Amino acid sequence: MSKSRVSYFYDPDLGAMSYGYNAYMKPFRMRMTHNLICSYQMLDKMTVLRPKRATALDMTAFHTDEYIDFLSKVTPETCAELLAGRDFLAPELDNPAWDGVWDFCQVSAGGSVDAASRIASGASEIAINWAGGLHHAKKRSASGFCYVNDIVLCILELLRTYPRVLYIDIDVHHGDGVEEAFYSSDRVLTLSLHKFGDQQPFFPGTGHVTDRGQGPGKGYSVNVPLHDGVSDETFLGVFEPVVQRVIDWYRPGAIVLQCGADSLAGDRLGGLNLSMEGHARCVEFVKSLGIPFILLGGGGYTVRNVVRTWTYETACALGIQKDIERDLPFSDYFEWFGPRYRLEVPPTNMEDRNLQDDYLENIKLQIEQQLHDLPFAPSVAMQPTPRVPVAAPTRAAKRMRSPFPDERAYVPEDPDQVIAGFVLAAHRKRARAANSRAFGQAEIDRRRHASAGNAAAGSTESDDDETSSEEEDEDEAFDRRAARRKQQRKTVSAPSRHHANGHRSGDVNVVDDDRTGGFSLTKAINDKLRLMQPGARSFGAEDGAHGSRRFFRFDPTQLEVEQDADQEDDEDQEIKGDPDDADDVDMDVRDVDADLDADNGQAADDASISNRHLPVLPLAVEAR
């Protein structure tokens, strides 16, 4: 099989994690497995990936918010306070609150979810995550060394793409957490082969052959309870025909295989008698079906046997199990495999109690009848599934454009910071709009004055010797008109009302005064801005009829004004329109009663701005 078709997930941080000195579960076994796989030079035959750590939001796809919040905060020191009578970790002997439990849950769940993504996308046919397979974890509590049920999260990810998924569990303990999660669904068929206490209860005490599901999931939970001492021949005599029957009738799109190694002979907590080859034969059989599948870890409490078996099953996934040497190569943990130092887990001489009283034959008949009653490949109406959960506004905000227009800043995950960012952006936009109105009104007034001065200059046809005296007269007339406007400004009704001489429009309203032919604005402009020096480039306005109504329309793309180099600051300002904020410019107009002197009346009338469209006012000013 090509390298790209097998994905292998491993996080080196797992080697530093520990449930505690006396705990049966040891995450260190993942580091030993990886080291032995590396010693066999298998890594260059696979796509090796470091999984992305699952977030609390990813885990709440199955678990409750309260439980995940507790896991993210709990430490040995704060456990009693955070529990407060709740049974999140009951019994605590199996599920201690150890340092690093949250990191372990993130790595385990993240690897299984990423493995499902690789399979669903078609990037791989086989995905391996030996840190996964924690099948006992419940929706709101830990159980049997399992805190987060990465298998359920993995299957949920597969169900986004495949209508039906088959889950197979060969751990010595019943996969109660996974079965419970899909107990009433026909989209997931759970098949568990496990030890079931015939004389005394065996953890977790579930998984009887009569446990078949309920509601729409009736018949889709298949349990094969076994007794102590099951051998390779007995185990495979049930596994292969049952799995083949399920494949033929259920037609799954993907398979998740939990390879708990506590079903091996000699395990500290198990009671079965499987060899390494018998355990790995299940992997070979599933691979032969030609269906994409995921290999997950699980239980296994005799560490050296777990490492041997998972290394050999990795070779089975690659199809090189017959080519590797059975004498172990040297590795960092070579001394753990003594005294034989071989890649093997031989069976013991335990008695196979499954052969007594035709027990196993009766189990096989019941399972055959159960599968016979199932409908053929239940159909599922597939619909597009949103990749961003509805309950994840902060994740969606990260993919949105930043609220800050000047920089593409990272949007924080804290909702309060996200809101504060958008409020700040709104304040900036409002400030730009207010700045635009001030500059826009000043620019209109300045250009109107410049037009008046140019028109007055054009009406007098004189020699060059008379030019200077006429300009002085124009300056005096301008000063008088400015002072008069300041004193005689009257308020016109708001734009939402009709004026006798005005017009209501979405454009800027300009109202004539029949007595003077002058103009006014609704807002007083700062003197320094309003009384800018005339002489800047004129609008080129044409004379209009006295007393007619004129309207300015603003185009949000055109205005570009350059101050003359004659100004004292010797700086050019370019005022550009911003289409996004064009609607913020809303200028009102006031009427002015200006009784100008007879000498200046005609000049003011000639200088009035004609019926032409003015460019839009700017929304942002960039100084150059």
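**Exercise 1.** Determine whether Phe 28 is buried, partly exposed or exposed, and do likewise for Trp 336.

*Solution.* Step 1: apply the accessibility classes, in which buried means under 20% relative accessible area, exposed over 50%, and partly exposed in between (1.4 Å probe, protein chains only). Step 2: Phe 28 has a relative accessible area of 23% and is therefore partly exposed. Step 3: Trp 336, at 38%, counts as partly exposed.

The structure is a predicted model, in which local features need pLDDT of at least 70 and side-chain atom pairs count only at pLDDT 80 or more, while totals for chains, interfaces and linings use all residues. Residues are numbered from 1 along each chain as its sequence is written, and side-chain values use heavy atoms, with hydrogens and water left out.

**Exercise 2.** Classify the ring pair formed by Phe 28 and Trp 336, and state which parts the pair ties together.

*Solution.* Step 1: rings of Phe, Tyr and Trp (its six-membered ring) pair if their centres lie within 6.5 Å; planes under 30 degrees apart count as stacked, over 60 as edge-to-face and the rest as tilted. Step 2: the structure holds 16 aromatic pairs. Step 3: in the pair of Phe 28 and Trp 336, the ring centres are 6.0 Å apart and the planes stand at 40°, so the pair is tilted. Step 4: Phe 28 belongs to helix 1 (residues 28-39), whereas Trp 336 lies in the loop between helix 10 (303-318) and helix 11 (359-372), so the pair ties together parts that are 308 residues apart in sequence. Helices (H or I, at least four residues) are DSSP runs, numbered from the N terminus.

**Exercise 3.** Describe how helix 5 and helix 6 are arranged, and which residues meet.

*Solution.* Step 1: the axes, lines fitted to C-alpha atoms over the stretch in contact, with angles from 0 to 180 degrees between N-to-C directions, come within 8 Å and cross at roughly 25° for helix 5 (residues 101-121) and helix 6. Step 2: helix 5 and helix 6 are therefore roughly parallel, a class for angles under 35 degrees. Step 3: with contact meaning heavy atoms within 4.5 Å, Ser 108, Ala 109, Ser 112, Val 113, Ala 116, Ser 117 and Ile 119 in helix 5 meet Asp 150, Leu 153, Cys 154, Glu 157 and Leu 158 in helix 6.

**Exercise 4.** State how many residues of helix 6 are buried, and name them.

*Solution.* Step 1: in helix 6 (residues 150-158), 8 of the 9 residues are buried. Step 2: these are Asp 150, Ile 151, Val 152, Leu 153, Cys 154, Ile 155, Glu 157 and Leu 158.

Methods:
Helix = DSSP H or I, 4+ residues; strand = E, 2+ residues; numbered from the N terminus. Parallel < 35°, antiparallel > 145°, perpendicular 65-115°, else oblique.
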